[in-house]
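Thanks for coming. I will take one structure today, and I will keep to what can be computed from its atoms.

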Amino acid sequence: MKAKKIPMRMCTGCGEMFDKRTLVRVVKSPEGEISLDLTGKKPGRGAYVCKNADCLKKARKKRAFERAFDVQIDDGVYDKMEEEISNE
């Protein structure tokens, strides 16, 4: 029997590859809203980050989500994402 392939994604903060299910998806909706997608099923363009606040801070400093989504993200959205990740 053939082994099932595990989907891998890169964390935008630390740059390491992880199993897709261990990461949190950040999604840009078709309306242009940026939010965390804890279920992984929201429609839109996605980027992934580790479930710790340090990687989110690294991605914020590198402006990785702004490059991935080609949009300017204000600080309030990042603060809200940090709060959601720390509460999880």
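**Loops, layout and core**

I start with R63, which lies in the loop between α1 and α2. Helices here are DSSP runs of H or I with at least four residues, strands are runs of E with at least two, and both are numbered from the N terminus. Before going on: this is a predicted model, where local features need pLDDT of at least 70 and side-chain atom pairs count only at pLDDT 80 or more, while totals for chains, interfaces and linings use all residues. Residues are numbered from 1 along each chain as its sequence is written, and side-chain values use heavy atoms, leaving out hydrogens and water.

Back to R63. What is its phi? R63 has a positive phi of about 55 degrees, although it is not a glycine. Most residues other than glycine have a negative phi. R63 is partly exposed, with a relative accessible area of 43%. On the terms: buried is under 20% relative accessible area, exposed is over 50%, and partly exposed is in between, with a 1.4 Å probe and protein chains only.

D70 lies in the loop between α2 and α3. D70 is not a glycine either, and has a positive phi of about 55 degrees. D70 is exposed, at 69% relative accessible area.

Now the overall layout. The protein chain has three helices and five strands, in the order β-β-β-β-β-α-α-α along the sequence. The C-alpha trace spans about 50 × 30 × 25 Å along its principal axes. Of the 88 residues, 33% count as buried.

Which residues touch the most other members of the largest nonpolar core? They are C11, V26, L36, V49, F65, F69 and M81, out of 20 residues in that core. At least two core residues come from each of β3 (24–28), β4 (34–37), β5 (45–49), α1 (53–62), α2 (64–69) and α3 (75–87). A nonpolar core means a set of buried Ala, Val, Leu, Ile, Met, Phe, Trp, Tyr and Cys residues joined through side-chain atoms within 4.5 Å. In soluble globular proteins, nonpolar side chains tend to be buried together.

Take V26 as an example. Leaving out residues up to four places away in sequence, V26 touches I34, S35, L36, R45, G46, A47, V49, F65, F69 and M81. A contact is heavy atoms within 4.5 Å. Across the protein chain, 41% of the contacts with a separation of 6 or more are between residues 24 or more positions apart.
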